[in-house]
Amino acid sequence: MSEVTGDGAAPAAPARSPWKRAALPAAFAALVVVQLAALFYFEPPGLLFSDVPASGRDLDTHIEQTWRFTEAFDGWGKTWSYDPHLLAGWPNGTIFDADNKGWELWTWAWTKLGVPRGVAFNLFLLFAHLAVPWVVFFSARLFGLRRGTALLAGALGLALWYADGFLHWAWWGGMTAYTVSAYACLLPVAFFFRYLADRRIRHAVGLAATLPLVHLIHPYAFFALAAPMLLLYVRAFRTLRPRDHAVAGIAVAATLAANAWWLIVAFRFWHYASDSGVLGAGEPKHLLTDWLGLVSDRDATGAAAMRSGFRFLALGAAALTLAFWRRDRDSRFSPLLAAVLPLLAVAYLGGLSDALRQVQPYRLILPALFFAVIPAAAL
């Protein structure tokens with residue numbers, strides 16, 4: 001307890017030195033400098049702001065999908081079309097580009113503002129890089145971390161973004177939308193956690209805005225969000241008022257409404273779906289090879305060198321913090337455990353199941369890592 005003076009008033013806090021007052025702004029500035037230096041090293045401005053879309057690897061697939069979407073939407077008011085140059089007339093905009101819907105809308109919206117289509121496409125890459133530490137920072141603040149600790153969480157998220165072998169390979173290879181959704185998944189869980197703690201309308205609005213958006217960026221966000229969101233709802237069920245149930249219902253309804261335009265088309269063409277369990281089939285052996293920094297199966301863990309130091313730093317520190325939070329009955333323990341542990345289990349065991357192989361389970365390690373950086377920073 002704080003000491004008090006004779007009249008019952010708490011004593012004034014000792015004045016901090018100018019160096020201590022400047023420490024946090026200096027840390028923010030340093031993170032910005034490091035972030036921009038890394039960004040423009042890997043994605044030079046001449047590439048990002050060119051009217052020629054950044055291409056190569058899986059980016060070519062997303063360029064083709066985005067171009068067909070903008071042409072169909074502007075030309076016929078439809079979100080899909082047949083492309084005679086793709087597999088002799090594949091129905092584009094139906095199922096295979098379900099992971100590109102947000103990027104397509106982003107590009108189309110910027111072109112309506114007069115931005116060249118290639119620049120608009122590349123601006124999504126710029127956004128993907130710039131948002132990483134600040135989404136993590138803001139989510140950590142919603143989970144109750146102090147500013148300095150939340151900034152550390154953002155820095156660790158940025159370190160994973162550029163230094164983790166699989167994560168770096170994923171956005172470099174063109175899985176940009178998925179990597180954005182992997183860290184953006186923190187926001188709906190953090191808003192829901194904070195709303196249930198404070199019942200403030202701004203957190204309800206944040207939940208209703210971010211839950212549809214994350215699913216629009218990539219539908220696999222559902223797998224990352226299902227366990228922690230359901231746990232939060234069930235845990236608080238007995239204390240929820242009608243307004244609280246309405247908030248949760250509105251968030252779910254908004255998510256379905258925001259994604260209905262492409263889901264309806266996808267179900268219409270569902271008979272085109274085929275086996276996709278070729279890549280990302282993580283198995284228990286990959287936990288060992290990841291720990292050792294070895295690539296044993298490029299189809300499972302990516303084609304880049306496996307650099308995993310920050311990964312296991314985040315997971316190890318998170319495990320310790322979660323153990324402390326469980327002992328202290330901290331309200332953050334169960335939702336963050338539910339966010340990390342099931343995803344890790346699916347990532348390293350999913351390849352053993354024919355059903356789970358269809359979602360390329362190893363990629364689910366990415367949202368697990370971003371959820372882990374919050375308790376890791378708290379350590």
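Reader: Before we dig in, what counts as buried, exposed or partly exposed here?
Author: Buried is under 20% relative accessible area, exposed is over 50%, and partly exposed is in between, with a 1.4 Å probe and protein chains only. This is a predicted model, where local features need pLDDT of at least 70, side-chain atom pairs count only at pLDDT 80 or more, and totals for chains, interfaces and linings use all residues. Residues are numbered from 1 along each chain as its sequence is written, and side-chain values use heavy atoms, with hydrogens and water left out.

Reader: OK, T321: buried or exposed?
Author: T321 counts as buried because its relative accessibility is 3%.

Reader: And where does T321 lie?
Author: In helix 15, residues 309-327. Helices are DSSP runs of H or I, at least four residues, numbered from the N terminus.

Reader: What is T321 in contact with, leaving aside neighbours within four places in sequence?
Author: P375, A378 and L379. Contact means heavy atoms within 4.5 Å.

Reader: Switching to helix 11, where does it bend?
Author: At A227, by about 30 degrees, and the proline P228 follows within four residues. That bend is the angle between axes fitted to the seven residues ending there and the seven starting there.

Reader: Which residues of helix 11 are buried?
Author: A221, A224, L225, P228, M229 and L232 are. The buried residues of helix 11 pack against helix 9 (186-198), helix 10 (201-217), helix 16 (333-349) and helix 18 (365-378).

Reader: Last one, how far apart are A23 and G148?
Author: They're 125 residues apart in sequence and 9.3 Å apart in space, C-alpha to C-alpha.

Terms used: Helices (H or I, at least four residues) and strands (E, at least two) are DSSP runs, numbered from the N terminus.
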